[in-house]
Amino acid sequence: MKIIPLNNNRINDLIDLWNKEFSKEFPMRRELFIQNSFEDENVFLPGSWMAVDEDNHVIGFIISKRWQDPMPVPMPADVGWIQVLLVSKEERNKGIGSLLLEKAEMALKADGATEIQLGGDPLHYFPSVPAEYEKSSEWFEHRGYEYLGSEYDLLANYDSTAESEMPNLDGIEIEILTLKDKDEMLKFMNRVFPGRWEYETIRYFQKGGTGREFVVLKKAGKIIGSCRISDEHSSVIYNNVYWSPLFSEPLGGIGSVGIDSTERGNGYGLTAVLAGISILRSRGINKIVIDWTTIVDFYGKMGYQIWKEYRKYRKQL
Ligand SMILES: CC(C)(COP(=O)(O)OP(=O)(O)OC[C@H]1O[C@@H](n2cnc3c(N)ncnc32)[C@H](O)[C@@H]1OP(=O)(O)O)[C@@H](O)C(=O)NCCC(=O)NCCS
């Protein structure tokens with residue numbers, strides 16, 4: 001066995017190994033793997049490695065990230081992320097995973113990271129460690145990772161014959177975003193959600209987004225809230241619809257959802273989500289995922305139930 005640098009010449013082998021291990025829970029599409037693990041400017045190659053056996057077969061890999069995008073967005077400079085660590089079932093308990101993690105951690109530390117997070121990277125697959133992989137949680141705990149709490153993906157199924165009405169609130173206009181409002185939308189994100197959501201919105205437009213993936217709430221013509229809505233036609237495969245190969249019918253995604261901090265508590269958040277649902281339903285979608293949230297009660301009001309649980313882990317270096 002040898003540990004060698006991650007190389008995009010081996011992309012098919014990496015995807016094959018992923019699908020051999022995870023295809024039931026998370027079937028990997030080539031376009032998603034390219035988008036999130038090769039085209040993301042934040043992939044940190046000095047901390048990304050493959051394990052190959054004597055016949056040069058890929059038997060494990062680790063992909064790590066550091067914030068490296070030159071975009072002027074406030075993202076954490078002291079964090080290193082492990083996007084994925086995977087060792088083939090037949091090759092487990094031989095120290096390969098430990099070796100891969102050690103190499104990634106050393107490189108992240110040498111680059112200035114003072115904290116490592118499992119998942120939750122820019123363009124992530126997992127917000128953190130899927131709770132169903134109990135052994136993985138224990139494995140990371142033995143290596144100094146600290147459990148910080150749980151996060152959830154939620155799911156709702158709709159009856160295709162039932163209508164989903166567009167909500168209505170006095171003094172509020174509800175619109176699907178258009179390119180005409182692109183600057184106003186970016187200003188809203190920069191003012192209210194600087195950092196990750198702002199970054200994702202800038203990237204969305206850079207990747208050809210036209211606005212159809214956002215419903216916005218306006219008050220006196222000014223954006224005060226938004227809800228991202230994704231489906232199979234979106235130019236970016238967003239966090240909540242990367243599950244679509246698991247379903248035989250079209251999958252939609254709700255989130256991120258956010259209301260201007262001075263406008264919260266007025267029913268606008270609920271309205272933004274209900275508007276997003278109604279638009280997705282009008283696009284023929286009857287299954288919707290809301291990913292990576294802790295406010296289960298808020299979405300529970302609209303019938304969403306826990307679908308997946310993740311255990312959040314961090315290690316201080
Ligand atoms: C979460 C958020 C979108 C809610 O928007 P809002 O306009 O303040 O919420 P609303 O006024 O529409 O709330 C309606 C109901 O949800 C409840 N609610 C609001 N925020 C909640 C929360 N964080 N957790 C649980 N319930 C919540 C309210 O108590 C209210 O309940 P009621 O109808 O029984 O009185 C808003 O607080 C926000 O932008 N937060 C920061 C971004 C964020 O966390 N987004 C969600 C990430 S997954």
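Colleague: Let's start with Leu169: is Leu169 buried, partly exposed or exposed?

Modeller: Residues under 20% relative accessible area count as buried and those over 50% as exposed. Leu169 has 26% relative accessibility, so Leu169 counts as partly exposed. Keep in mind that this is a predicted model.

Colleague: Where does Leu169 sit, and what is Leu169 in contact with?

Modeller: Leu169 belongs to the loop that links β7 (146-157) and β8. Setting aside neighbours within four places in sequence, Leu169 is in contact with Asn266, Gly267, Tyr268 and Thr271. Take Thr271 as an example: 102 residues separate Leu169 and Thr271 along the chain, yet their C-alpha atoms are 7.8 Å apart.

Colleague: How is Asp181 to be read, as buried or exposed?

Modeller: Asp181 counts as buried because its relative accessibility is 11%. You will find Asp181 in the loop between β8 (173-176) and α5 (182-192). Beyond neighbours within four places in sequence, the contacts of Asp181 are Glu175 and Lys218.

Colleague: Now helices. How do I read the packing of α1 and α2?

Modeller: Two packed helices are described by the angle between their axes and by the distance between those axes. For helix α1 (residues 11-22) and helix α2 (residues 30-38), the axes come within 11 Å and cross at roughly 110 degrees. Angles of 65 to 115 degrees count as roughly perpendicular, so α1 is roughly perpendicular to α2. On the α1 side, the contact is made by Ile11, Asn12, Leu14, Ile15 and Trp18, and on the α2 side by Arg30, Phe33, Ile34 and Phe38. These residues divide into 7 nonpolar, 1 polar and 1 charged.

Colleague: How many residues of helix α6 are buried, and what covers them?

Modeller: Helix α6 (residues 196-206) is mostly covered, with 9 of its 11 residues buried. Among the buried residues are Tyr199, Ile202, Tyr204 and Phe205, together with Arg196 and Glu198. The cover includes α5, β9 (214-219), β10 (222-230) and β12 (287-293). Just after α6, have a look at Gly208, which takes a positive phi of about 100 degrees.

Colleague: Finally, how is the chain divided into domains, and how much area do they bury between them?

Modeller: Domain 1 covers 2-125 and domain 2 covers 159-285. Their C-alpha centres lie 30 Å apart. The contact takes 24 residues from domain 1 and 17 residues from domain 2. Between them, domain 1 and domain 2 bury about 1800 Å², and 59% of this is on carbon and sulfur atoms.

How values were computed: Residues numbered from 1 in each chain as written. Predicted model: local features only at pLDDT ≥ 70, side-chain atom pairs only at ≥ 80, totals over all residues. Heavy atoms only, no water. Axes fitted to C-alpha atoms, helices over the stretch in contact; angles between N-to-C directions. Helix = DSSP H or I, 4+ residues; strand = E, 2+ residues; numbered from the N terminus. Parallel < 35°, antiparallel > 145°, perpendicular 65-115°, else oblique. Contact = heavy atoms within 4.5 Å. Nonpolar A, V, L, I, M, F, W, Y, C, P; charged D, E, K, R; others polar. Buried < 20%, exposed > 50% of the residue type's maximum accessible area, 1.4 Å probe, protein only. Domains from an automatic or database assignment. Buried area = accessible area lost by both parts, 1.4 Å probe.
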